[in-house]
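User: I would like to go through this structure step by step. Please start with any term I need.

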Amino acid sequence: MKSDLLLIVPILLPILTGLLTGFFRPLGKPRLLRPFFVLSLFLNLALVIAISLMPEMRLALFSLAQHMPVLFKADDPALFFCLLTSVMFLFAGIYGCEYMKHEGGESRFYMFFLIVLGMLMGFGLSGNLITVYIFFEIMTLFSVPLVMHSMKKEAITAGFKFLYYSIAGAALAFVAILFLFTLGIPLEFTPGGVLNAVNVAGSERQILTVTLLAIIGFSAKAGMFPLHAWLPDAHPVAPAPASAILSGIITKAGVFAVLRFVFYLIGADFIRGSWVQTVWLSLALFTVATGALLALREPVLKRRIAYSSISQVSYIMFGLATLTARGLTGALLHTVFHSIMKHALFFAAGAIVMVTKRTEAAELRGIGKQMPATMWSFAVLAISVAGIPLSSGFVSKWYIATGALSAEIGFFAWLGPAILLFSALLSTAYLLSIAIDALYDPEQRNAPGIRDPGMLMRAPIILFAAAAIILGVIPGFLISFFETIAIAVT
């Protein structure tokens, strides 16, 4: 149907507007560039909302080879990912309009920012594993310039490290794709998976092996051990809007790819109780614990938040690995809540570094008096990351922990919640302590020139901090939506 062609518009629009931003000279003037950039982000969000209100659409664009179509499909997970991405890119873009004045290179940054958004739209709307892989790889290539934006030595080094780890992960995933394709297994996403007694006969062990390769490979983007080391190097050198996108959305692309592979291709039943599930649970919990411990001892603010992301995104991986409807619901909830929290934390960190020129957490004592909006928001976000009741972080972690307790996963049923609690306690030390030191200053010290950033930067921080609490108090509509998805695939 002609209406199905609408699926490619959210992909093409950001790419075309990004190219115009970078190469159309009249748009080089800031008074035209910034409104055009923000308008592009608004239009993208409007398109995704319009698609979500229509009946489910499916578009096979063309075929790379026999039984290998480039396929797009607007099912519930696709719309969830695209809506989350569009909203987060919009607020990161608004924030960036003020932040990038100080950073410089606005046209180039906005160009790659919009192109990455287009690639993420294609990734989210992908209807089969081949299409996911294509957009996953291209998105990586266009994300590297966001990390390298300053073109300083450390930024270039971090950008290449991000690229190398991403390529290594993609190579592992490609082995899985190639093996499944040669077996003649359908690669179109289907709730509950596509495997049956006929297409797995005699290949069960090999399919389990390539499933683990795919989980590890796609999880390179999600920062799960052992392909996690790019994340703490990329964040400190990238501009704050790019750091927010890397932690809040690009890590979720890794999560979403694993979700699609396990629950819409292989099927939860196939790996439930297998050695693959055991390894996956082990890697996720190891990453949760080590990420939190590394965050605790990290003095640099943005690196500390990056290590926190490594830990927190693996909460999501653990929820997925329980292979239960409740655990999966918690994982999807935490995908949303973590994205909100980490966008706002990196927005706040960017504002702090820009205004104070201080990069280490220990240097921020007392700045809360001069940056009250930023630091009170930081405190609220730290509370939510710690999972204190009435915050959104508590809701998602509760579902993940109780999902583990109800799962038939042996000692992981109690070890998982214990490690999640341990990590939550550590997060109060490595994040909430920063806010307390900043807001409580008995000496009432005052440094000239330190103040909250302008409204374009301040508003997203405050709004996301408020959302982190509001969604913890009234999470019902999200829980219902994600339970529907989780029950269908588990």
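Analyst: A residue is called buried under 20% relative accessible area, exposed over 50%, and partly exposed in between. The model discussed here is predicted.

User: D269 forms a salt bridge with R272; is D269 buried, partly exposed or exposed?

Analyst: D269 and R272 form a salt bridge in which the closest N and O atoms are 2.4 Å apart. R272 has a relative accessible area of 35%, so R272 is partly exposed.

User: Which residue forms a salt bridge with R58?

Analyst: Side chains of opposite charge can pair when their charged atoms come close. For R58, the closest N and O atoms of the pair are 2.8 Å apart, and the partner is E188. The pair links distant parts of the chain, with R58 in strand β1 and, in the loop between α6 (153–182) and α7 (197–200), E188.

User: What is the bridge partner of R58 in β2?

Analyst: Strand β1 covers residues 58–65 and strand β2 covers residues 68–73, and the two pair in the antiparallel sense over 6 bridges. Their hairpin has 2 residues between the strands, and there H67 takes a positive phi near 65°. Within this pairing, the β2 partner of R58 is K73.

User: Is H235 buried or exposed?

Analyst: H235 lies in helix α9, residues 231–237. Leaving out residues up to four places away in sequence, H235 touches S243, L246, S247, K302, A306 and F346. Its relative accessibility is 0%, which is under 20%, so H235 counts as buried.

User: How many residues apart in the chain are D437 and R365?

Analyst: D437 and R365 form a salt bridge, with the closest N and O atoms 3.1 Å apart. The pair links distant parts of the chain: D437 is in helix α17 (residues 412–439), while R365 is in the loop between α14 (325–356) and α15 (372–386), and the separation is 72 residues.

User: What separates the centres of domain 1 and domain 2?

Analyst: The domain assignment gives domain 1 as 1–270 and domain 2 as 272–490. In contact with each other are 53 residues of domain 1 and 51 residues of domain 2. Taken over C-alpha atoms, the separation of the centres is 22 Å.

User: What is the area of the nonpolar surface patch that includes L16?

Analyst: L16 is placed in helix α1, residues 9–23. The patch is made by L12, L16, L19 and F23, and its area is about 410 Å².

Key
Residues numbered from 1 in each chain as written. Predicted model: local features only at pLDDT ≥ 70, side-chain atom pairs only at ≥ 80, totals over all residues. Heavy atoms only, no water. Patch = residues over 30% accessible without salt bridge, like charges linked within 9 Å, V, L, I, M, F, W, Y side chains within 5 Å. Areas by Shrake-Rupley, 256 points an atom, 1.4 Å probe, with all protein chains shown as cover. Salt bridge = Lys/Arg side-chain N within 4 Å of Asp/Glu carboxyl O. Helix = DSSP H or I, 4+ residues; strand = E, 2+ residues; numbered from the N terminus. Buried < 20%, exposed > 50% of the residue type's maximum accessible area, 1.4 Å probe, protein only. Contact = heavy atoms within 4.5 Å. Pairing = 2+ DSSP bridges. Domains from an automatic or database assignment.
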